[in-house]
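Okay, thanks for coming, everyone.

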Amino acid sequence: MLRFSANLSMLFLEYDFLDRFERAAAAGFKAVEFMFPYGYSIATLREKLADNQLEHTLHNLPAGDWEKGERGIACIPGREEEFRSGVTAAIHYAQALGNRKINCLVGKTPAGVGADVVHNTLVNNLRYAGNALAKEGIMLVIEPINHFDIPGFHLTGTQQTLDLLDEVGCDNIRLQYDIYHMQRMEGELANTLTKHLDRIGHIQLADNPGRGEPGTGEINYDYLFGVIEKSAYDGWVGCEYKPLQTTETGIAWLNRYR
């Protein structure tokens with residue numbers, strides 16, 4: 001059965017963040033994900049989840065200075081202690097909020113640094129995070145992102161990411177497969193999902209072009225949802241799109257699959 005979670009970092013943006021929990025529940029969502037919980041107290045987030053009977057499915061490791069354009073620090077030499085502190089914070093929030101998956105944005109390839117240094121930094125950081133999360137029964141997911149939306153992002157493809165995870169060698173690390181990003185980078189969505197499903201820990205969606213809701217672009221979501229539903233994937237599908245109008249006026253697509 002398909003299960004959709006609302007990404008509160010993308011949906012219901014017309015409301016204050018803490019009001020989005022109620023809006024998501026009112027729209028029929030049973031679960032939510034969001035990028036960064038760290039600016040809010042655990043008590044407040046737990047209250048919002050409980051009051052609206054929502055499951056928390058995923059949040060990200062701290063990703064550096066977002067306002068200055070950083071999109072993760074795992075591949076940046078010299079930031080290892082900051083990365084490890086972020087792992088500790090992410091675990092703390094995950095334990096308190098009840099989610100068992102944490103996403104890592106690895107960051108943009110740093111300029112002027114040798115490729116081997118960057119690669120070894122990333123492998124060592126992911127191995128550290130994977131081992132730390134494994135002790136707490138938490139899965140780490142790694143997300144490749146298209147280089148049109150984030151020029152210079154270090155991971156941009158499915159196989160590139162899987163090869164990296166093979167080298168890291170932690171059993172609790174999986175691929176986060178974002179349908180929108182991978183449509184832009186490589187296509188072959190149904191075949192990739194089918195071939196690598198046992199290594200996919202989380203799925204996210206948006207249509208292309210424009211990153212809007214399903215049905216607004218070129219991706220045949222009726223077909224893809226059938227592929228996912230017939231598979232052994234039992235996780236949530238995160239709705240991480242930009243509504244063409246408001247979230248609530250564009251939610252009709254979701255009602256077809258409930």
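So, where does Leu11 lie? Leu11 is in the loop between strand E1 (4–7) and helix H1 (20–26); helices (H or I, at least four residues) and strands (E, at least two) are DSSP runs, numbered from the N terminus. Quick housekeeping: this is a predicted model, where local features need pLDDT of at least 70 and side-chain atom pairs count only at pLDDT 80 or more, while totals for chains, interfaces and linings use all residues. Residues are numbered from 1 along each chain as its sequence is written, and side-chain values use heavy atoms, with hydrogens and water left out.

Back to Leu11. At 0% relative accessibility, Leu11 counts as buried (under 20% relative accessible area; exposed is over 50%, partly exposed in between, with a 1.4 Å probe and protein chains only). Beyond its neighbours within four places in sequence, Leu11 has contacts (heavy atoms within 4.5 Å) with residues including Phe29, Cys239, Tyr241 and Thr247. Glu248 is 237 residues away along the chain, yet its C-alpha is 9.1 Å from that of Leu11.

Next, Asn146, in the loop between strand E5 (139–142) and helix H5 (158–168). Asn146 is buried too, at 0%. What does its side chain reach? The backbone nitrogen of Phe148, at 2.8 Å. The Asn146 side chain also makes a polar contact with the side chain of His181, at 2.8 Å. By polar contact I mean a pair of N or O atoms within 3.5 Å; within protein, one must be able to donate a hydrogen and the other to accept it, and residues adjacent in sequence count only if both atoms are side-chain atoms.

Now helix H4, residues 115–134.

Last, which residues line the second largest pocket? Met1, Phe4, Lys30, Trp236 and Arg258 are among them. A pocket here is an open set of points on a 1 Å grid over the protein atoms alone, where a 1.4 Å probe fits, with protein on both sides within 12 Å along at least five of seven lines; lining residues have an atom within 4 Å of a point.

Conventions: Expected span 1.5 Å × (residues − 1).
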